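I opened this model to look up its aromatic pairs and its surface. My notes follow.

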Amino acid sequence: MSTTAPTALGAPRAPGAARPAQKKRRPGRTLLRSAPLLPAVVLLGVFLLGPVISSLYGSLTDSSLSGASAANAEFIGLQNYADLFADPDFPKSVLLTLVFLVASALIGQNCLGLGLAVLMQSSHKAVRAIVGTIVVTAWVLPEIVASFAAYAFFNDGGTLNSMLTGLGIPGVNWLYVFPMLCVILANIWRGTAFSMLVYTAALNDVPPEITEAAEMDGARGWQRFILVTVPMIRRSISTNLMLTTLQTLSVFALIFVMTGGGPGTDSTTLPLLAYQEAFRFGELGFGTAIATILLLVGAVFGVLYIRALKPEVD
């Protein structure tokens with residue numbers, strides 16, 4: 001009589017029993033399936049990874065626009081970064097960049113865009129057409145045109161002060177007294193349309209029967225929105241936050257046209273500081289180091305948002 005009993009499905013394998021054969025993977029087949037992706041990978045490497053590596057190397061040299069370093073830049077290691085962190089203007093620029101990012105993108109564009117999307121969803125067709133046209137116009141304008149329009153509005157003799165004077169209120173030199181507030185409002189005006197379109201599409205994908213069921217359970221309007229609608233569009237919110245964050249981190253023309261980074265350095269964000277160091281003072285290596293720091297900040301935000309977009313495992 002055999003001492004080894006047959007093994008049932010899911011039961012522990014008896015001692016000495018043969019292991020089930022595993023399906024072998026074929027590396028050649030995997031490579032063949034990945035072959036169509038090769039051109040895209042090459043293009044990403046050339047046009048995305050290439051400039052990043054070039055920027056990183058340039059930040060480790062003493063490259064400049066004039067002098068001996070312009071022809072023969074020398075490798076100086078982390079000296080540019082040491083000088084950068086010792087520069088008193090750098091911490092202020094980092095703080096102003098974060099204030100500009102949080103106020104104009106994370107709060108301003110997202111909250112206003114979501115609010116407009118909700119209002120347009122429940123408003124009359126004619127109202128949706130008018131509001132949509134007004135909001136999208138600022139987005140489709142070329143950046144330099146939108147920048148000059150914002151400058152004309154906030155300028156000492158511009159539209160805003162003319163309106164205040166007509167109401168009997170004395171005007172203020174807004175671009176000098178409140179430079180960051182002006183550029184934040186201008187960036188909100190310029191970028192809200194994108195958030196509005198993203199959230200409009202997301203709200204249209206919410207099944208109406210779910211909100212109707214919540215209404216039948218006694219949930220009020222704001223309760224349905226917070227407890228039902230927002231969780232269902234959370235991935236659209238994360239995606240929009242990532243896109244508006246990366247776009248706002250690179251804003252240059254708007255601030256350069258409106259304030260030039262001034263008065264003094266009161267509106268000098270990292271892109272403007274990098275431009276000033278590289279092209280106004282001729283220190284290309286030092287300016288590239290600032291741009292590399294900005295790139296790392298964007299990468300950190302990108303990783304956080306990508307982790308938030310990971311599918312949940314049940």
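**Aromatic pairs and a nonpolar patch**

I began with phenylalanine 90, which counts as buried because its relative accessibility is 6%, and the cut-off for buried is under 20%. I keep in mind that this is a predicted model.

Next I checked phenylalanine 85. Its relative accessibility is 53%, so I logged phenylalanine 85 as exposed.

How many aromatic pairs does a search of the whole structure find? I got ten. I then looked at the rings of phenylalanine 85 and phenylalanine 90: the centres are 5.3 Å apart and the planes stand at 85°, so I noted an edge-to-face pair.

I moved on to tyrosine 275 and phenylalanine 279. Their ring centres lie 5.7 Å apart with the planes at 40°, so this pair is tilted. Both residues sit in helix α15 (residues 270-280), four residues apart, which means about one helical turn separates them.

Is phenylalanine 279 buried or exposed? Phenylalanine 279 is exposed, at 53% relative accessible area.

Last, I turned to the surface. I found a nonpolar patch formed by Leu37, Leu38, Val41, Val42, Leu43, Leu44, Val46, Phe47 and Leu48. Together these residues have about 910 Å² of accessible area. I placed one of them, leucine 44, in helix α2 (residues 38-58).

Terms used. Residues are numbered from 1 along each chain as its sequence is written. This is a predicted model: local features need pLDDT of at least 70, side-chain atom pairs count only at pLDDT 80 or more; totals for chains, interfaces and linings use all residues. Side-chain values use heavy atoms; hydrogens and water are left out. Patches are made of residues with over 30% relative accessible area and no salt bridge: like charges are joined within 9 Å, nonpolar side chains (Val, Leu, Ile, Met, Phe, Trp, Tyr) within 5 Å. Accessible areas come from the Shrake-Rupley method with a 1.4 Å probe; for residues, only the protein chains shown count as cover. A salt bridge is a side-chain nitrogen of Lys or Arg within 4 Å of a carboxyl oxygen of Asp or Glu. Helices (H or I, at least four residues) and strands (E, at least two) are DSSP runs, numbered from the N terminus. Rings of Phe, Tyr and Trp (its six-membered ring) pair if their centres lie within 6.5 Å; planes under 30 degrees apart count as stacked, over 60 as edge-to-face and the rest as tilted. Buried means under 20% relative accessible area, exposed over 50%, partly exposed in between (1.4 Å probe, protein chains only).
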